[in-house]
Amino acid sequence: MSEAAAAAPASEAAPALSKAEQMKEKLAKLKARREEARKKNSEETAEEERRSKRPANFEARRARAEWEESVEKAKKEAKAAGLDYEREKAKKTTALQADRKERQKRKKNEDPGFADFAQAQHRQYERLTKQLKPDMAEYKKSANEWGEDEVSADTLAYGQHDAVSKAGLDRMAKDLEAQIEKRSKFSRRRAHHHDADISYINERNMQFNKKLDRYYSKYTQEIRENLERGTAI
């Protein structure tokens with residue numbers, strides 16, 4: 001009788017121990033889910049911060065770069081097949097698409113000009129960057145190796161990754177030489193007034209005098225008038 005009474009509490013404790021183990025297992029799963037949610041939130045926050053630091057037209061520029069890459073690929077394929085790319089492209093262009101493109105060309109805004117040299121320099125930068133043809137295969141390789149955000153111009157590690165290839169250096173040198181040649185051929189036509197007073201000895205001195213006149217004329221006007229009348233003290 002005493003042995004049966006002693007065995008009863010032991011049999012009742014077994015299910016209680018199993019239930020405690022179940023609670024521990026459930027608690028461990030909840031902790032794991034919480035850590036997983038925390039990790040995902042952290043990754044999403046970091047990704048959102050990276051997106052906020054990108055330029056406003058980042059997606060549009062990337063889409064355009066991908067489109068240009070597909071066009072270059074199509075041109076190479078057409079050339080390899082002995083076909084005219086523009087002719088093959090025209091075959092796939094509908095009349096509506098051609099008409100829409102022609103209307104867009106006619107509606108294109110005229111050059112608005114610039115107000116200062118900072119705007120002119122910015123326009124030149126935009127024009128030069130549009131002319132660049134990046135190596136998308138090399139870019140994708142670096143992006144896969146370092147991460148897309150680490151190979152952009154916004155990262156602090158910009159320019160510290162892989163060494164620039166010889167082809168890239170040659171391309172940059174060729175572009176700089178083209179800019180220098182274009183600047184050497186540029187000549188801005190300046191209006192010349194034959195009736196204006198001659199206060200210079202050469203072209204360079206004339207430009208210097210004009211610059212002085214632009215900044216100090218309002219302060220020296222009275223002195224010059226007195227000198228011309230002969231009444232200066």
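Q: A helix here is a DSSP run of H or I with at least four residues, numbered from the N terminus. How many helices and strands are in the protein chain?
A: This is a predicted model. The protein chain has eight helices and zero strands. Read from the N terminus, its elements run α-α-α-α-α-α-α-α.

Q: Where is the kink in H8 centred?
A: On Ser217. The kink is about 85°. A bend is the angle between axes fitted to the seven residues ending at a residue and the seven starting there.

Q: Which residues make the nonpolar surface patch?
A: Phe208, Leu212, Tyr215, Tyr216 and Tyr219 make it. The patch covers about 600 Å². Take Leu212 as an example. Leu212 is found in helix H8, residues 203-229.

Q: Is Leu212 buried, exposed or partly exposed?
A: Apply the cut-offs: buried is under 20% relative accessible area, exposed is over 50%, and partly exposed is in between. Leu212 is partly exposed because its relative accessibility is 34%.

Q: What about Asn226, buried or exposed?
A: Asn226 also belongs to helix H8. Its relative accessible area is 18%, so Asn226 is buried. The side chain of Asn226 is joined to that of Arg229 by a polar contact of 2.5 Å.

Q: How much of the protein chain is buried?
A: Of its 233 residues, 7% are buried.

Q: How many salt bridges are there?
A: The general idea is a distance rule. A side-chain nitrogen of Lys or Arg must lie within 4 Å of a carboxyl oxygen of Asp or Glu. By that rule, the count is seven salt bridges.

Q: Which residue meets Glu36 in a salt bridge?
A: Lys40 does, with N to O at 3.5 Å. Glu36 and Lys40 both lie in helix H1, residues 2-53. They are four residues apart, about one turn of the helix. Glu36 is partly exposed because its relative accessibility is 44%. Lys40 has 51%, so Lys40 counts as exposed.

Q: With which residue does Arg64 form a salt bridge?
A: With Glu68; their closest N and O atoms are 3.3 Å apart. Arg64 and Glu68 are separated by about one helical turn because they are four residues apart in helix H2, residues 58-80. Now check each partner. Arg64 is exposed, with a relative accessible area of 51%. Glu68 is buried, at 19% relative accessibility.

Q: Why are Glu88 and Lys91 separated by about one helical turn?
A: Because they are three residues apart in helix H3, residues 85-91. Glu88 has a relative accessible area of 25%, so Glu88 is partly exposed. Lys91 is exposed, at 56% relative accessibility.

Key: Residues are numbered from 1 along each chain as its sequence is written. This is a predicted model: local features need pLDDT of at least 70, side-chain atom pairs count only at pLDDT 80 or more; totals for chains, interfaces and linings use all residues. Side-chain values use heavy atoms; hydrogens and water are left out. Patches are made of residues with over 30% relative accessible area and no salt bridge: like charges are joined within 9 Å, nonpolar side chains (Val, Leu, Ile, Met, Phe, Trp, Tyr) within 5 Å. Accessible areas come from the Shrake-Rupley method with a 1.4 Å probe; for residues, only the protein chains shown count as cover. Helices (H or I, at least four residues) and strands (E, at least two) are DSSP runs, numbered from the N terminus. Buried means under 20% relative accessible area, exposed over 50%, partly exposed in between (1.4 Å probe, protein chains only). A polar contact is a pair of N or O atoms within 3.5 Å; within protein, one must be able to donate a hydrogen and the other to accept it, and residues adjacent in sequence count only if both atoms are side-chain atoms.
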